[in-house]
Amino acid sequence: MQAVKTLWQSFLWRGLYYITAFVINILIARHFEASLSGSVYYISSIYAFVVLLSSLSIESGIIYFSAKAQIPVERLFSFSLLWTLLIGILTWLVVSLFFKNEYTGISRPLLLFSAVLYISGNILTTYCAGFFYANSQFKLPNVIIIVSTVILIMLIPYGGRSVIPAVNNQNYFYIYFGSFFVQGVAMAIAAKLKYIKTGLFHIITIAEFRLLFNYCALVFAGNIIFFLLYRVDYFFVEKYCTASELGNYIQVSKLVHLFFILPTILAGAVFPISAGEQRDGINKLLPLLSRSIFFLYAILCLVLALTGQWLFPFVFGVSFTAMYNVFLMLIPGILALSGMFTLTAYFAGKNKVKVNNMAAVYAFVVILAGDMIFIPKYGILAAALVSSAGYMAYTVYIILAFKKEYECSAADFFIFRLSDWKQITNCIYASLKIKNES
């Protein structure tokens with residue numbers, strides 16, 4: 001029942017966060033159109049890569065060792081603050097020294113401002129949210145992000161005007177990037193008040209430092225590969241295609257990542273469960289989750305395949321007419337990869353991150369080779385089809401690894417059964433009962 005309650009809380013609050021993120025993505029795309037919004041999201045992707053490199057995936061160690069109570073949370077919290085401060089200072093120095101020009105309508109002052117606040121803010125947010133997720137608490141950290149996103153939605157200068165007169169198309173992105181730092185500070189304050197009952201600064205010991213980084217090293221390597229797996233195609237598309245094509249392709253990619261929201265939410269609940277040794281029945285739960293997601297997404301993909309040609313321009317704007325064919329090429333990858341997130345979270349919780357990393361390496365090799373060969377000639381359609389092939393290679397490896405631990409067939413992850421309806425309704429009923437009681 002504890003696992004069911006954790007899944008419910010994760011689904012509810014992280015789901016609301018992703019809904020608001022989806023809404024602001026649509027509104028920014030419609031208002032600023034494909035070329036400018038594509039440039040902003042491309043720059044954001046570069047910043048996200050810097051976040052990934054500089055954070056060293058310490059948030060995974062925070063969740064893992066907090067759940068196991070092996071390193072005091074006070075020391076983890078202090079280390080998080082100091083590391084964020086260091087990265088913020090280094091980012092400011094690097095950008096101010098080496099970036100002298102604007103990028104596709106994004107001024108140099110905005111590049112400096114956005115880089116420092118986006119990178120340091122996201123690091124602080126992910127670190128401090130980890131303390132909540134380690135305790136299966138999903139409400140407060142996601143409320144902080146939701147409130148920040150809603151404010152950004154309200155401040156978009158529709159028709160050249162915002163609810164605050166001083167906010168216009170030129171300075172809106174200062175607020176947009178600055179909001180990441182504000183929510184990071186808010187997350188740190190919330191974590192301090194809830195989990196850190198003593199002083200603000202506590203020095204982590206050398207033994208704890210080694211323990212933390214030995215665990216995070218594998219996760220870090222995997223996250224690097226995963227980031228490249230998902231976004232290496234951006235760099236090829238940016239080089240060989242037009243700004244409008246880049247904007248359309250990134251928007252499809254962001255749409256595809258929406259399909260990964262539900263699996264990611266469930267994975268966020270599976271990770272602390274498996275890390276905390278709560279594994280009873282998880283070998284039956286994971287295939288059930290995978291084939292349920294596959295069944296649901298097969299229906300959604302079919303609906304979008306039938307309606308997307310007019311729906312995508314209607315939702316995102318007339319500058320996004322190239323999205324439809326790209327989405328069709330990505331459907332096999334969506335269906336293949338979506339059910340694997342809970343399995344990768346399970347392996348991470350069991351400290352078998354190497355399994356996830358090897359799967360990502362194989363998939364990345366497929367995508368990198370395909371992008372180099374096909375994107376220069378065939379453009380964004382080739383990029384999408386190559387990504388699907390890489391995602392399918394990843395799925396095959398993960399399923400084979402899981403089958404080595406538990407007796408099951410590949411069909412268990414994809415073929416939805418009539419008996420599954422009863423299990424799902426029982427889980428929903430049990431979770432609602434637990435929620436009402438709590």
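The model is predicted. The chain has 14 helices and zero strands. Buried residues account for 54% of its 438 residues.

**Fold and contacts**

- Along the sequence, the pattern reads α-α-α-α-α-α-α-α-α-α-α-α-α-α.
- Among contacts in the chain with a separation of 6 or more, 83% join residues 24 or more positions apart.

**Surface**

- The chain exposes about 19,600 Å². Carbon and sulfur atoms supply 69% of that area.
- A nonpolar patch on the surface is formed by Leu85, Leu86, Ile89, Leu90, Trp92, Leu93, Val94, Leu97, Phe98 and Phe99. Together these residues have about 990 Å² of accessible area.
- Leu90, one of the patch residues, lies in helix 3, which spans residues 73–98.
- The relative accessible area of Leu90 is 42%, so Leu90 counts as partly exposed. That value falls between the 20% and 50% cut-offs.

**Loop between helices 5 and 6**

- Pro165 sits in the loop between helix 5 (139–155) and helix 6 (172–195).
- Pro165 is exposed because its relative accessible area, 76%, is over 50%.
- Pro165 and Leu155 are 10 residues apart in sequence. Their C-alpha to C-alpha distance is 9.5 Å.

**Aromatic pairs**

- A pair of aromatic rings is described by the distance of the centres and the angle of the planes.
- The count comes to 31 aromatic pairs.
- One of them joins Phe65 and Tyr215, with 5.7 Å centre to centre and 75 degrees between the planes. The pair is edge-to-face, because its angle is over 60 degrees.
- This pair links distant parts of the chain: Phe65 is in helix 2 (residues 58–68) and Tyr215 is in helix 7 (residues 206–240). The two are 150 residues apart.
- Phe65 and Tyr215 are both buried.
- Tyr362 and Tyr397 have ring centres 5.5 Å apart and planes at 40 degrees, so this pair is tilted.
- Tyr362 is partly exposed, at 45% relative accessibility. Tyr397 is also partly exposed, with a relative accessible area of 28%.

**Aromatic cluster**

- Ring pairs also link a set of residues into a cluster. Its members are Tyr47, Tyr118, Tyr172, Phe173, Tyr176, Phe177 and Phe180.

Note on methods:
Residues numbered from 1 in each chain as written. Predicted model: local features only at pLDDT ≥ 70, side-chain atom pairs only at ≥ 80, totals over all residues. Heavy atoms only, no water. Patch = residues over 30% accessible without salt bridge, like charges linked within 9 Å, V, L, I, M, F, W, Y side chains within 5 Å. Areas by Shrake-Rupley, 256 points an atom, 1.4 Å probe, with all protein chains shown as cover. Salt bridge = Lys/Arg side-chain N within 4 Å of Asp/Glu carboxyl O. Helix = DSSP H or I, 4+ residues; strand = E, 2+ residues; numbered from the N terminus. Buried < 20%, exposed > 50% of the residue type's maximum accessible area, 1.4 Å probe, protein only. Phe/Tyr/Trp six-rings, centres within 6.5 Å; stacked < 30°, edge-to-face > 60°. Contact = heavy atoms within 4.5 Å.
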